[in-house]
Amino acid sequence: MKKSIRNAFGLLLLMSAVTFVSCSSDDNSSDNNQEQPGTGSEFVANPQDFKGNIKSGKVTLDATKTYNLTGAITIENGATLVIPAGTKIVGTGGTSSYIAVAQGGKIEVNGTATNPVVMTSSNTTPGSWGGLVICGKAPINKAIPSQAEVTGLAYGGNDANDNSGSIKYLRIEYAGANFSSEKEFNGLSLFGVGKGTKIEYVQIFNCSDDGIEFFGGTVDTKYIVSTGSEDDSFDWTEGWNGTNEYWFGQQRADIGNRGVEADNNSSNHTATPISNPVISNVTLIGRGEGSEPDAFKLRVGTLATINNVVLKDFSVGFNVEHDESIAGIENGTLKITNVKFENIATKSKGKNTAGTSVDVSGVYTESASATGAGNGSSLPTWAQGWTVGL
C-alpha cells in the first residue's frame, strides 16, 4: 500500500513537471511563427527592430516603448495595426523605413490632444525616413488597380466607402525620403483611400516633399496641419473627391512651393472621376517671394468648391491653368468663396491650354471677415498643444 502511494506520488510529480515545462514554453515563446495570444496574428512587434509584414489579426503596440522603425512595416489585407496614444515610432532607415497599409488592411492611430502619436526620425532633417502610405479600394481616374509610386502596392477600385482604419492626433515629422529626383515619399500619402477611413487632427512637420497628397479616392479629412514642407503643403490628383474641414498650412521661411497644388489627371484632363473636393475653413501662409509662390495652383482639369479662406504672404493667390479648369470657373464648378488676402501681391492669374493669359478673377469672392482655419492667419485653437514648430 505504501509502495503504491509512493509510486502514485512520483507519477504525479512527473506529470506536474511536464505540465510546468510545457506551459512555460508556450508563455515565453518568441517564435514569430506562433500566433500571439488574443491577437489572431503571428507578428511580433520588436521595439528595437520594428519591421516586417503584418499578415493577419490585430497587433497593438505598447505606448510605454519607443519603436525603432528599421525597415518597412506593411499591414496586409485582413490585418490591423493599433497604435495607442503616446506611442513613438522612430524611422531610422531612409527610403526603406516607412509604414504602409495595403488594400484591405487597417491602421488605428488612437492619439489624444494631450498625448498624440508621433512618427519621427532620429535625424531631425526633412527626408530622413519614408512616411505613412495608405492604399485603398476607392475610385481613381487611372487604370485599376494602379501601383503606389513608392511602395508598389496596388490601389484603386470601385468601393467609395472603403475603410482603411482611423487616424486621430498623429504627428508625422521629417518624412519624405527621396528615391530619385522623380520619386519620393510624402509625409502622408493617400492612394485611393475610401470615405470609410477617418482622418482627423494630423500634423505633417518638415517633410521633404508634400505634406499630404491625395491620389484619387473619396476620403474626408478634418483638422489637418501641414507645416515646413519643402514642396506643397497640400496636394491632390487622380480624381480625388472628399469633403474636408479646417486645414492650416505654413511654409518655412527658406523653402516651400505651393500652399495647394491641385490636379485632375495630367495625361487626360477630362478623365473621370474628376477631382472635385469640397473644402471649408482654410488658412495658408507662404514665405513671400519664391520660385513657385502660389497659394493655390489649380490645373489640368481639377474642379473644387472651397469656402472661408485666409491667404497670407504669397506672391499669387490663385493660379489657374488649362481649359478644363478655366471652364469650371465659367460654369461655377470651380469656385472659392469668402477669401481674405493678406500681403498677396497678385490675387489671381491664369492661362489657357494654349498658354495665353486669361482673366480668372471670377474664381474667387472676397470677404474681410473670413476666419480661415479658425483664427485668421494665426494658429487656430484646435491646433494648439499637440503640434510643434508653430
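The talk below goes from the whole protein to single residues.

Guide: This is a predicted model. Its secondary structure comes to 2 helices and 27 strands, and 53% of the 390 residues count as buried.

Visitor: Why does Ser348 count as buried?

Guide: Buried means under 20% relative accessible area. Ser348 has 18% relative accessibility, so Ser348 counts as buried. The residue lies in strand S25 and touches Phe318, Val360, Ser361 and Tyr364, leaving aside residues up to four places away in sequence.

Visitor: What does Phe318 touch?

Guide: Leaving aside residues up to four places away in sequence, the contacts of Phe318 include Phe296, Leu298, Leu311, Ile336, Val339 and Phe341, and also Ser348. Phe318 belongs to the largest nonpolar core, which has 67 residues. Along with Ile107, Leu132, Trp236, Phe296 and Leu311, Phe318 is among those that touch the most other members. Strand S22, residues 304-314, gives the most to this core, with 5 residues. A second, separate core has 14 residues, including Ala148, Val150, Tyr155 and Phe185.

Visitor: How do you know that the buried residues of H2 line one face of the helix?

Guide: The buried residues of helix H2, which spans 323-331, are Ser325, Ile326, Gly328 and Ile329. Seen down the axis of H2, they fall within an arc of 145 degrees, so they line one face. On the other side, Glu330 and Asn331 are exposed. The buried residues pack against strands S21, S23, S24, S25 and S26. Just after H2 comes Gly332, with a positive phi of about 85 degrees.

Visitor: What makes the phi of Tyr223 worth noting?

Guide: Most residues other than glycine have a negative phi. Tyr223 is not a glycine, yet its phi is positive, near 60 degrees. Tyr223 is in strand S16, residues 220-227.

Visitor: Where does Tyr174 lie, and is it buried or exposed?

Guide: Tyr174 lies in the loop between strands S12 and S13. Its relative accessibility is 12%, and the cut-off is 20%, so Tyr174 counts as buried. Tyr174 also has a positive phi, about 60 degrees, although it is not a glycine.

Visitor: Which peptide bond involving Pro145 is cis?

Guide: The bond from Ile144 to Pro145 is cis, with omega near -5 degrees. Most peptide bonds are trans. Pro145 is found in the loop between strands S9 and S10. Another cis bond joins Thr272 and Pro273, with omega about -5 degrees. Pro273 is in the loop between strands S19 and S20.

Visitor: How many residues of the lining of the largest pocket are charged?

Guide: The lining divides into 14 charged, 7 polar and 1 nonpolar. Of the 22 lining residues, Glu149, Glu213, Phe215, Thr237 and Asp263 lie nearest the centre of the pocket. Strands S15 and S17 each supply at least two residues of the lining. The space in this pocket is about 440 Å³.

Visitor: What share of the contacts with a separation of 6 or more joins residues 24 or more positions apart?

Guide: Such residues account for 67% of those contacts in the protein.

Terms used: Residues are numbered from 1 along each chain as its sequence is written. This is a predicted model: local features need pLDDT of at least 70, side-chain atom pairs count only at pLDDT 80 or more; totals for chains, interfaces and linings use all residues. Side-chain values use heavy atoms; hydrogens and water are left out. A nonpolar core is a set of buried Ala, Val, Leu, Ile, Met, Phe, Trp, Tyr and Cys residues joined through side-chain atoms within 4.5 Å. Buried means under 20% relative accessible area, exposed over 50%, partly exposed in between (1.4 Å probe, protein chains only). Helices (H or I, at least four residues) and strands (E, at least two) are DSSP runs, numbered from the N terminus. Contact means heavy atoms within 4.5 Å. On a 1 Å grid over the protein atoms alone, a cavity is a set of points where a 1.4 Å probe fits but cannot get out, and a pocket is an open set with protein on both sides within 12 Å along at least five of seven lines; lining residues have an atom within 4 Å of a point. Grid points are joined across faces, edges and corners, and a volume is the space filled by probe spheres set on the points. Ala, Val, Leu, Ile, Met, Phe, Trp, Tyr, Cys and Pro count as nonpolar, Asp, Glu, Lys and Arg as charged, and the others, Gly among them, as polar. The arc is that of the directions from the helix axis to the C-beta atoms.
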